[in-house]
Amino acid sequence: MQDCFKLLFSLGYKRFYHAKEILFFEGEIPKQLFVLLNGRVRIYKTLEESPKTRGRKAKIKEQTLHSIYAPNFISEIPSFLNEPFPVNAACEEECEILEINLATFQKHCMENPSFCRNFIASLCDKIKILESHIAQNSLSLKERLMEFLRINKTELANLTQREIAQRLNTSAESLSRILRELKAQGILSTQKGKIILKA
């Protein structure tokens, strides 16, 4: 896949983004294809929660769907199909991103079967992520947390509990309650706000 991205360098231009800078909003029509070269991008949706008390404004909640790590394509499906972005994207840290004109990219795909196969593989990876989200909807918070900790074990030293709660689309309070339960069971421990998985 690395060779696949190297082929794209001559097709676009590199831009640098700051942490929390927005790449695109839900509903926007793609103007270029984004390729994440360095950094991490959060894919999320904004949901409007109905106010519990009449007269109050609706509360906007961000639901994190997943994080994209470099090197990787970003929302390549709507870009390739020229459809509105179904999600928002924001940089979680400083990012280096290659931006490629869509017509140029599509022409490159048609002329390079090998590259096209790699691009299809990337699409399949995104489908697997979607399947994972669908499967997780049937799990309890405790089960989702254990799955998350298992998959991201090497990244736990860099993740705060707030970030984990955000990725699991739950409140910090609900996460803390489950963490206390798992600590009592000897499954994990915490140190300076970071989770250490014992199992």
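## Buried serine and cysteine sites in a predicted model

C95 is buried, its relative accessible area being 2%. This value, like every other one reported here, is computed from a predicted model.

The structure contains zero disulfides. C95 accordingly takes part in none, and the nearest cysteine sulfur, which belongs to C91, lies 3.6 Å away.

Residue S79 belongs to helix α2, which spans residues 76-81. Is S79 buried or exposed? S79 is buried, since its relative accessible area of 0% falls under the 20% cut-off. The side chain of S79 reaches the backbone oxygen of S75 at a distance of 3.1 Å. When neighbours within four places in sequence are set aside, S79 is in contact with P30, Q32, L33, I74, F85, L102 and Q106.

| Residue | Relative accessible area |
|---|---|
| S79 | 0% |
| C95 | 2% |

For the protein as a whole, seven helices and ten strands are assigned. Of its 199 residues, 35% count as buried. The accessible surface of the protein amounts to about 12100 Å², and carbon and sulfur atoms account for 53% of that area. Among contacts between residues at least 6 apart in sequence, 73% join residues at least 24 apart.

Terms used
Residues numbered from 1 in each chain as written. Predicted model: local features only at pLDDT ≥ 70, side-chain atom pairs only at ≥ 80, totals over all residues. Heavy atoms only, no water. Helix = DSSP H or I, 4+ residues; strand = E, 2+ residues; numbered from the N terminus. Buried < 20%, exposed > 50% of the residue type's maximum accessible area, 1.4 Å probe, protein only. Contact = heavy atoms within 4.5 Å. Areas by Shrake-Rupley, 256 points an atom, 1.4 Å probe, with all protein chains shown as cover. Polar contact = N/O pair within 3.5 Å; in protein donor to acceptor, adjacent residues only side chain to side chain. Disulfide = S-S within 2.5 Å.
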